[in-house]
Amino acid sequence: MTTTEIGSPRRRKEDARLITGRTTWTENVTLPGMLHLAILRSPLAHARITSIDVSPALETKGVVAAFSGRDVADVQGSLPCAWPVTEDMVHPDRPPIAVDEVRFMGEAVAVVAARSRAAALDAIAAIEVDYEPLPAVLDMEQAIAEGADLVHAGKGTNKGYTWVFDSAEAGTGGDAGAAIDDAEVVIRRRYVQQRLIPAFMEPRSVVVDPTGDVYTMWSATQIPHILRFLLAVVTGTPEHKVRVIAPDVGGGFGGKLQVTPEELIAFVAAKRLGKPVKYTESRSESLVSAHHGRDVIQDIELAARRDGTVTGLRVKLLANMGAYMGLVGPGVPILGAFMYNAIYKFPAYRFECSGVFTNTTITDAYRGAGRPEATYAIERIMDELAVELGLDPLEVRSRNWINADEFPFTTVCGLAYDSGDYAKATDRAKELFGYDELRQEQQARRDSGDSVQLGIGISTYTEMCGLAPSRVLGALRYGAGGWETASVRMLPTGRVEVVTGTSPHGQGHETAWSQIVADQLGVAFDDVEVLHGDTRTSYKGLDTYGSRSLAVGGIALYNACQKVIENAKPIAAHMLECDPADLEFTGGQFRVRGNPDGGKSLADCALAVFAAHDLPDGIEPTLDADAVYDPVNFSFPHGTHLCATEVDTETGSVTIRKYVAVDDIGRVINPLIVDGQVHGGIAQGIAQALFEEAVYDADGNLMTGTFVDYTLPTAADLPAFVTDRTESPAPDHPLGTKGVGEAGTIASTPAVVNAIVDALRPMGVNDIAMPCTPERVWRAVQGGAA
Amino acid sequence: MIPPSFDYAAPTTVDEAVGVLAEAGEDAKVIAGGQSLIPLLRMRFAAPSTLVDLGGIASLREVRDDGDALVIGAMVTHAAVLRDPLVNEHLPLLVSATETVADRQVRHRGTFAGSLAHADPAGDLPAVALVLGASMEIAGPGGRRVVPASEFFVDYLTSAVAADEVLVSVRVPKQGAWVGSYQKFNRVAQGWALVGVAAMVRRENGSIAEARVGLTNMASTPLRATATEQALAGADSREAIGAAAARVAEGTNPSDDLLGSADYRRHLAGVLTKRAVAGLV
Ligand SMILES: Cc1cc2nc3c(=O)[nH]c(=O)nc-3n(C[C@H](O)[C@H](O)[C@H](O)COP(=O)(O)OP(=O)(O)OC[C@H]3O[C@@H](n4cnc5c(N)ncnc54)[C@H](O)[C@@H]3O)c2cc1C
């Protein structure tokens with residue numbers, strides 16, 4: 001194999017159409033006779049619907065139909081949860097349109113179908129609903145206290161589940177409780193992961209066409225395959241009569257890893273009316289009703305010896321599920337469970353998480369899903385341990401981390417970390433950062449009492465990605481497997497079509513997959529077309545999330561390419577009149593070993609099987625191949641991120657002066673795409689540290705319902721990132737690659753908050769709640785100084 | 001969302017616009033750049049029967065030199081303010097404040113006059129108009145009238161422009177010997193001001209002879225910090241400036257909301273005033 005493409009910073013072939021918008025966004029799909037839907041949403045967090053009358057809407061101009069949850073109660077089904085994390089998990093019914101009770105602000109209560117979107121919007125205002133308000137359950141600790149008001153009265157509890165991992169019970173480590181009781185030092189902290197909103201760029205949109213007996217759904221989703229399966233199951237439609245198309249999709253970050261009420265509503269409406277329907281949410285609807293992320297209270301106890309060696313870790317979480325269980329929502333904190341021990345050789349660990357219902361929008365996967373939370377907690381508390389022991393925070397880390405010669409390393413959670421070199425990444429990061437100089441400057445500013453203080457924050461992270469070995473998922477009670485598929489089709493002219501089961505929504509798969517295929521098959525980058533997202537062309541796949549597409553789907557693609565070469569070999573041998581065993585395939589040519597001229601390319605073979613005039617006996621006339629790959633392990637990227645912040649103690653304003661990210665994601669297919677993923681990931685992690693928070697008031701009204709209040713940062717709020725990489729190839733991947741989709745988000749949040757706290761340490765500050773807004777930082781300075 | 005339906009008029013003269021407004025009645029609304037009005041319509045917080053678009057009135061796009069002042073037409077956009085050579089020469093404070101408004105897209109359509117007429121207390125330009133001593137020329141059914149900035153901002157989202165009137169132009173005295181600074185504090189670069197301070201000083205013999213301080217988002221209207229202004233007169237040291245700045249929150253009534261508490265806003269106003277003025281001497 002020649003590698004002219006792999007490793008080259010190719011510009012993304014999909015960008016021109018994505019950037020100009022001249023493409024198949026779902027909102028761009030227009031069908032003859034299509035009706036437009038508008039959804040009336042609950043203005044209250046918790047209420048009984050005492051009466052609802054949709055008839056005034058029917059009298060509005062252009063309206064074709066209007067219905068409430070009650071009108072479709074027997075056909076609308078209930079939204080699925082694919083990850084019942086415990087056997088006894090409470091999983092209340094979740095009708096797409098509320099029937100008797102609304103349980104969060106923004107829940108759908110009625111739907112109008114009209115000839116234009118404007119008419120539909122005018123009409124929903126006419127619908128009459130009477131609500132009898134019920135007490136809103138908002139605070140997680142109050143929700144699980146004795147005698148609390150209930151989100152689901154019929155369930156008798158607000159606790160959805162409690163999931164425990166204990167290394168002593170699992171036989172993977174010692175007893176964390178004993179370690180804490182016997183420890184020389186114990187650090188106890190509570191950290192709060194505020195609620196975030198994924199805020200993908202393209203709002204959710206869905207079109208359903210019920211022509212004939214086939215239902216075709218276009219949806220701005222990350223998961224067309226999972227959606228097709230669940231749509232069939234939930235609506236009772238035969239699976240072969242359901243086609244789902246995820247056309248070009250404008251971002252997701254986990255926020256489109258969901259089967260949504262809106263998708264089912266559109267399906268039900270199309271079925272009822274026998275006409276194509278479209279629904280596209282407004283940004284305000286998106287912020288209040290698309291699933292949120294994070295919202296976890298973390299109580300952490302870290303036991304250590306005075307020399308800095310950690311002896312045990314105990315973690316107790318309350319995870320806010322919102323009003324119902326989302327598609328994988330209950331499992332999100334469980335994904336994090338395996339990451340609290342991070343890059344360290346902790347000998348004992350206990351994790352306990354309770355999922356709690358509240359009258360809020362559901363939470364579910366958001367970039368990193370469980371792993372940013374875990375990384376934040378451990379990287380924050382390692383700093384606290386360093387302060388307690390008077391050690392440099394990097395020193396405390398290196399005393400505990402897994403050394404390069406110890407891989408593969410089985411952690412206290414039982415995971416086998418594949419490869420890595422934490423010291424190397426850290427050394428490189430320090431060098432790029434100018435660690436020692438910045439420490440000197442920090443001291444100088446402290447000495448002079450500068451009103452702008454400097455802080456240095458560290459995050460040495462790892463993560464598990466490439467979701468996931470199907471058996472492991474099964475053991476965790478996840479509803480699906482973790483394999484991935486690829487098909488490679490050789491066209492008669494030598495061009496190549498690739499069908500992938502991954503579902504890109506901005507990641508650049510078309511480019512990276514083309515690079516891989518070009519190198520494997522010796523064809524030109526531009527001669528490869530990557531098809532995805534339509535269950536008619538890509539009938540099998542498990543879609544895109546959890547940094548899995550290249551880490552898992554890339555292997556399927558690689559394997560399919562090898563099969564194509566194997567298929568072509570006897571044909572090339574026939575043409576070259578030699579024994580297949582004498583052939584080698586390099587640079588896209590089959591040649592007789594030792595003879596540099598007169599080879600046959602795959603294109604020659606493709607044309608030969610197309611004509612099929614002269615093939616060896618018994619040969620099937622095709623080169624095409626499919627592969628399905630089930631990973632043997634997760635992959636474990638890692639890295640060291642260093643952040644220097646300037647904190648204006650007069651205003652509380654935080655400026656990131658320098659940010660260095662050295663990531664080790666194994667072998668890189670396209671450095672430009674990787675940089676993009678890292679930049680975007682860091683931006684979202686910084687957003688959690690400094691800017692974003694979804695806030696509910698005491699009645700359960702979402703206060704951050706627009707981008708005026710939900711302060712999403714843009715490029716203008718972010719520094720220039722310095723990025724570099726070390727390379728520990730993934731041993732389980734033929735191309736050596738690991739995932740990179742979430743690394744930046746996982747790593748950056750603690751680096752930033754550690755830097756702010758580090759700046760203010762001399763003022764007695766040892767924590768600031770996220771997001772570290774100027775006001776919170778200023779108050780910490782006031783409180784700390786007092 | 002999309003706005004409820006409305007009628008649309010595109011007059012080509014100010015008189016015609018006034019006529020259309022009179023005809024259309026109370027529910028009609030003037031639209032300039034639409035950067036504040038369109039969001040209100042899309043959220044369905046407003047549902048005017050008729051929109052009277054000033055975009056077709058060519059004369060409103062002019063910036064004119066009127067001796068000791070510039071006259072800025074109602075359809076002069078933020079972007080045009082930033083580019084205009086006269087404004088750059090004579091009103092550098094307006095230029096630097098306008099640079100902090102929103103983002104390029106919004107500045108490309110939004111107008112200087114519109115942001116005054118809209119009278120959003122968080123808007124950056126009302127406080128700047130106050131300290132610059134601007135005055136507004138308004139046309140209505142009864143003819144034209146001029147209202148000084150000090151009387152123009154009536155209440156939250158309410159200016160002196162009545163429903164049947166059109167703000168025609170803003171007359172802004174040239175800065176001359178005055179130097180100015182606008183300090184804006186926001187959560188994100190494109191965000192509205194938590195607090196903003198527009199400061200102008202005239203120096204004489206190394207100290208401040210006269211000062212004007214205007215505040216953004218410290219009450220339901222922009223306002224002048226008169227106690228600070230008086231204390232600044234004659235100030236000749238950092239300490240004196242600091243002491244004057246510390247009085248800036250007197251008489252203010254900032255809101256207490258998600259983006260910042262009232263206490264914090266008062267504190268910020270002091271810090272920003274100190275920085276604005278210190279940067280000018
Ligand atoms: C995303 C975003 C961010 C923004 N950020 C900022 C910011 O940081 N700082 C800031 O100061 N502003 C900000 N703005 C507002 C922007 O500056 C607007 O341009 C300005 O407030 C209004 O100007 P306009 O021409 O768009 O007015 P329009 O939206 O057209 O009108 C606003 C109101 O004023 C009335 N009106 C306008 N012109 C006249 C006239 N000539 N006569 C009579 N009535 C009139 C209209 O009837 C309407 O009620 C932001 C806007 C957006 C969309």
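Housekeeping before that. This is a predicted model, so local features need pLDDT of at least 70 and side-chain atom pairs count only at pLDDT 80 or more, while totals for chains, interfaces and linings use all residues. Residues are numbered from 1 along each chain as its sequence is written, chains are lettered from A and ligands numbered from 1 in the order in which they are written, and side-chain values use heavy atoms, with hydrogens and water left out.

On the chain A side 29 residues are in contact with 22 residues of chain B, where contact means heavy atoms within 4.5 Å. About 2,100 Å² is buried between the two chains, and carbon and sulfur atoms give 60% of that. Buried area here is the accessible area, with a 1.4 Å probe, that two parts lose on being put together, summed over both.

How many salt bridges are there between chain A and chain B? The count is four, taking a salt bridge as a side-chain nitrogen of Lys or Arg within 4 Å of a carboxyl oxygen of Asp or Glu. One to click on is Arg44(B) with Asp122(A), at 2.6 Å from N to O. On the chain A side, helix H3 (117–124), helix H19 (671–691) and helix H21 (774–785) each supply at least two of the residues that touch chain B. Helices (H or I, at least four residues) and strands (E, at least two) are DSSP runs, by the way, numbered from the N terminus. That side of chain A divides into twelve nonpolar, nine polar and eight charged residues. For the bookkeeping, Ala, Val, Leu, Ile, Met, Phe, Trp, Tyr, Cys and Pro count as nonpolar, Asp, Glu, Lys and Arg as charged, and the others, Gly among them, as polar.

Now over to chain B and its parallel sheet. Three strands make an open sheet here, ordered E1-E3-E2, and two strands pair if DSSP finds at least two bridges between them. Strand E1 (7–9) and strand E2 (28–31) of chain B are the edges, each pairing on one side only. Neighbouring strands are turned by 25 degrees against each other on average, direction ignored. For angles, axes are lines fitted to C-alpha atoms, for helices over the stretch in contact, and the values run from 0 to 180 degrees between N-to-C directions. Helix H1 (residues 14–24) of chain B packs on this sheet and touches E1, E2 and E3, with its direction at about 175 degrees to that of E3(B). E2(B) and E3(B) pair over four bridges, and Lys29(B) has Leu51(B) as its bridge partner.

Further along chain B, strand E6 (residues 135–140) and strand E7 (residues 143–148) run antiparallel over six bridges. They form a hairpin with two residues between them, and Ser135(B) is partnered with Pro148(B).

Back in chain A, look for the four-stranded open sheet, ordered E21-E20-E19-E25 with mixed pairing.

Across all chains the search finds 67 salt bridges. One of them is Arg657(A) with Glu441(A), closest N and O atoms 2.6 Å apart. That pair links strand E27 (residues 654–664) to helix H14 (residues 435–448) of chain A, 216 residues apart.

Last bit: the backbone. Most residues other than glycine have a negative phi, and most peptide bonds are trans. Phe407(A) to Pro408(A) is cis, with omega near -10 degrees, and Pro408(A) sits in the loop between helix H12 (393–400) and strand E16 (409–410). Leu467(A) to Ala468(A) is also cis, omega near -15 degrees. Finally, Arg477(A) has a positive phi of about 70 degrees although it is not a glycine, and you'll find Arg477(A) in the loop between H15 and E19 of chain A.
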